[in-house]
Amino acid sequence: MLDQETLFEIEKIDEKESNNEKSIKGTIMELECMVEYIKKGYWVAKSMDPQCPFDFVAVKDKHNIELIDSKCASYRKNGTIINRVLKPYQKKLGVILAVRSFKKWKQLY
């Protein structure tokens, strides 16, 4: 028989798995976006700072440098998309918001 403490631990594990799935989804979306820029002939560099206002920088030449914040599209229960907006300091920097729809991937493990 499971006691209250054990049930609490199980709930925490389930929550971590849910957050992990969301994190994996976001990472895949970000990498796919980076690959698109590479295919367009850009050099791509990933931000190392978790507080950075952009996810990566894409450089084609000295006149074509883009700061990209990659986001996964989110939808309400009624199917409408949730609008994503840049923060004021991102706007000042000229960050581009790249919102992509996520396609379910096959479980590889």
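What follows is a short briefing on cores, pockets and cysteines.

This is a predicted model, so a quick word on confidence: local features need pLDDT of at least 70, side-chain atom pairs count only at pLDDT 80 or more, and totals for chains, interfaces and linings use all residues. Residues are numbered from 1 along each chain as its sequence is written, and side-chain values use heavy atoms, with hydrogens and water left out.

**Nonpolar cores**

- The largest nonpolar core has eight residues: Cys33, Met34, Tyr37, Tyr42, Phe56, Ala58, Ile68 and Ala98.
- A nonpolar core here is a set of buried Ala, Val, Leu, Ile, Met, Phe, Trp, Tyr and Cys residues joined through side-chain atoms within 4.5 Å; buried means under 20% relative accessible area, exposed over 50%, and partly exposed in between (1.4 Å probe, protein chains only).
- Helix H1 (4-39) and strand S2 (56-61) each give two or more residues to this core, and H1 has the largest share, with three.
- Helices (H or I, at least four residues) and strands (E, at least two) are DSSP runs, numbered from the N terminus.
- Setting aside neighbours within four places in sequence, Ala58 is in contact (heavy atoms within 4.5 Å) with Tyr37, Tyr42, Trp43, Asn64, Ile65 and Glu66.

**Pockets**

- The largest pocket has a volume of about 440 Å³.
- On a 1 Å grid over the protein atoms alone, a pocket is an open set of points where a 1.4 Å probe fits, with protein on both sides within 12 Å along at least five of seven lines; lining residues have an atom within 4 Å of a point.
- Grid points are joined across faces, edges and corners, and a volume is the space filled by probe spheres set on the points.
- Its lining counts 18 residues, with Lys22, Lys25, Gly26, Cys72 and Arg84 nearest the centre of the largest pocket.
- H1 gives the most to that lining, ten residues.
- The second largest pocket holds about 290 Å³ of space, and of its 17 lining residues, Pro50, Cys52, Asp55, Asp69 and Lys71 are the closest to its centre.

**Cysteines**

- There are zero disulfides in the structure, a disulfide being a pair of cysteine sulfur atoms within 2.5 Å.
- Cys52 is partly exposed, because its relative accessible area is 22%.
- Cys72 counts as buried, at 14% relative accessibility.
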